[in-house]
Amino acid sequence: MTRWALLADVHGNLEALEAVLEHLTDWPGAALICAGDVVGYGADPEACVERLEARRALCVAGNHEGMVLGRLGFDRCVRAGVRAALWTRKVLSPAAVRWLGELPLTRRAPPDLVVCHGSPSDPQFYVSTSGRAEAALAELAREHPEGRRLVCGHTHHQMLHVERRGPVAFAPGVPLELPRVGRCLINPGAVGQSRDGQPLARYARYDAERHTVTFLEVPYDHQRTCAKLRRAGLVPQVAIGQVAIGGSRRLAQHVEGWRTRLTAWRVWRTAQRSSAIPGPPPGSGSHLDR
C-alpha cells in the first residue's frame, strides 16, 4: 500500500467523517488509517464505527475508547467528554462495543508507518510541544525501530514534526516532502471536533511512494451536527479557548475545570456504589487532555 488517508479524532461526528470520505474520491486506491477516538463527544458513534469498519480502516484505540469501555477513568477529561462517554455506553450495539474492544494501542502500516493515539504506549500522552514530539519519536525508535513515520492524534491539531529538526510549517493542500532519513511525527488533526472555532474536518494524505504528506481541511454540515448533539443532550461546544464568560477566558477555564472535577467525582462515587466503572478516584483535574 502506497496511499494512506490519515484520520484521527472522529468523535462520533458522522457529517464530518462522511465529508472526508467524499473528499477522498479524487484519490483512488487510498486505504484508511484512524489514530483513535472514533467515539466520544459526538452523537453518531455507531454510524462512525460502521463506516470505518466497512472501509476496513486500520484503527487504534484512543483515550475515549478507553473511557467508554471502562478501561480509563475520567479524571483527565473535560465534562463534555465524561457526559458523552456515559451516553455512548448506553447507545452502542454489542457489535460496536466488541469492535472497539479489539482495537490495539498501536498498529503497523506498511511500509513505514506506526499508528497510535497519543504515544505508542500511552493513548493519553499529549504531543503538544516539540519536546513531547521528540519523546514520542524516541519511544518509536526504541519500541518500533523499523518505523519511520509516527501517526498520532489526541491534540486535535495538525502537526508535522521532524526528528531533531522540530515542527515544519505547512499550508493546507500543499504536499510536503518528508525526509528519507530519520523519523517524523504526523498528526492529521481532528476529523470530528475542531478546536480553533472553524467547522472544518481535518485529515492528511500520506503518499509512501513519493514520501509526501498533504494536510487538508474539509467543510461539513456543522449545524446538523450541533443539532444532533443538542437532541442527544450532549455538549456542542467543548473548546475551552472558544468559551467566553464575562469576556474572561481564564474564568471560563476555571469554571469548566471545577465542573469537570465535580462531574468526575460524581461518576466515581456512583461507580463505587455499583462497581460499574473500575478505576481510581478522580485527581485534581489540573491536566485535562480532553
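Trainee: Which residues is Leu160 in contact with, leaving aside its neighbours within four places in sequence?

Mentor: In this predicted model, and leaving aside those neighbours within four places in sequence, Leu160 is in contact with Gly166, Pro167, Val168, Phe170, Leu176, Leu178, Cys184, Leu185, Ile186, Val213 and Phe215.

Trainee: Where is the place of Leu160, and is Leu160 buried or exposed?

Mentor: Leu160 belongs to strand β7, and its relative accessibility is 3%, so Leu160 counts as buried. One of the residues in contact with Leu160 is Leu178, which is 18 residues apart from Leu160 along the chain, with 9.4 Å between the two C-alpha atoms.

Trainee: Which strand is joined to β7 by bridges?

Mentor: Strand β7, residues 159–162, is joined by four bridges to strand β10, residues 184–187, and the two run antiparallel. Within this pairing, Met159 stands opposite Asn187 in β10.

Trainee: What's the order of strands in the open sheet?

Mentor: The open sheet has six strands in the order β4-β5-β6-β10-β7-β8, and the pairing is mixed. At its edges are β4 (107–109) and β8, each of which pairs on one side only.

Trainee: Changing topic, how many aromatic pairs does the count come to?

Mentor: The count comes to one aromatic pair. The rings are those of Phe170 and Phe215, and because their centres are 4.2 Å apart and their planes lie at 25°, the pair is stacked.

Trainee: Where in the chain are Phe170 and Phe215?

Mentor: They come from distant parts of the chain, 45 residues apart: Phe170 is in the loop between β8 (166–167) and β9 (176–177), whereas Phe215 is in strand β12, residues 212–219. Phe170 counts as partly exposed at 28% relative accessibility, while Phe215 is buried, with a relative accessible area of 1%. Both Phe170 and Phe215 are among the residues in contact with Leu160.

Trainee: And what sits over the ring of Phe125?

Mentor: That is the charged end of Arg132, which sits over the ring at 4.9 Å from its centre.

Trainee: Back to β12, what does β12 form with β11?

Mentor: β11 and β12 form a hairpin with four residues between them, and in the turn His211 has a positive phi of about 60°. The two strands pair in the antiparallel sense over eight bridges, and Arg205 stands opposite Thr214 in β12.

Trainee: What else is Thr214 in contact with, leaving aside neighbours within four places in sequence?

Mentor: Besides Arg205, the contacts of Thr214 are Gly173, Val174, Pro175, Tyr203 and Ala204. Thr214 is buried as well, with a relative accessible area of 12%.

Trainee: How many of the residues of β11 are buried?

Mentor: Eight of the eight residues of strand β11, residues 200–207, are buried, so β11 is largely enclosed by the rest of the structure. Leu200, Arg202, Ala204 and Tyr206 point one way from the strand, while Ala201, Tyr203, Arg205 and Asp207 point the other way. β11 also pairs with strand β1, residues 3–7, in the antiparallel sense over four bridges, and there Ala5 stands opposite Arg205.

Trainee: What about helix α1, how many of its residues are buried?

Mentor: Seven of the ten residues of α1 are buried, so the helix is largely enclosed by the rest of the structure. The buried ones are Leu14, Glu15, Ala16, Leu17, Ala19, Val20 and Leu21, and their cover includes β1, β2 (31–34), α2 (45–54), β11, β12 and α7 (222–232).

Trainee: Which residues touch the most other members of the largest nonpolar core?

Mentor: That core has 45 residues, and those touching the most other members are Leu7, Leu17, Leu32, Val38, Leu52, Trp99 and Val191. Helix α1, residues 14–23, gives the core its largest share, six residues. A second, separate core has 23 residues, including Leu6, Val115, Ile186 and Val213.

Trainee: Last one, how many helices and strands does the chain have?

Mentor: The chain has eight helices and twelve strands, and of its 290 residues, 54% are buried. Among contacts between residues at least 6 apart in sequence, 73% join residues at least 24 apart.

Key. Residues numbered from 1 in each chain as written. Predicted model: local features only at pLDDT ≥ 70, side-chain atom pairs only at ≥ 80, totals over all residues. Heavy atoms only, no water. Core = buried A, V, L, I, M, F, W, Y, C linked by side-chain atoms within 4.5 Å. Buried < 20%, exposed > 50% of the residue type's maximum accessible area, 1.4 Å probe, protein only. Phe/Tyr/Trp six-rings, centres within 6.5 Å; stacked < 30°, edge-to-face > 60°. Lys NZ or Arg CZ within 6 Å of the ring centre and 35° of its normal. Contact = heavy atoms within 4.5 Å. Pairing = 2+ DSSP bridges.
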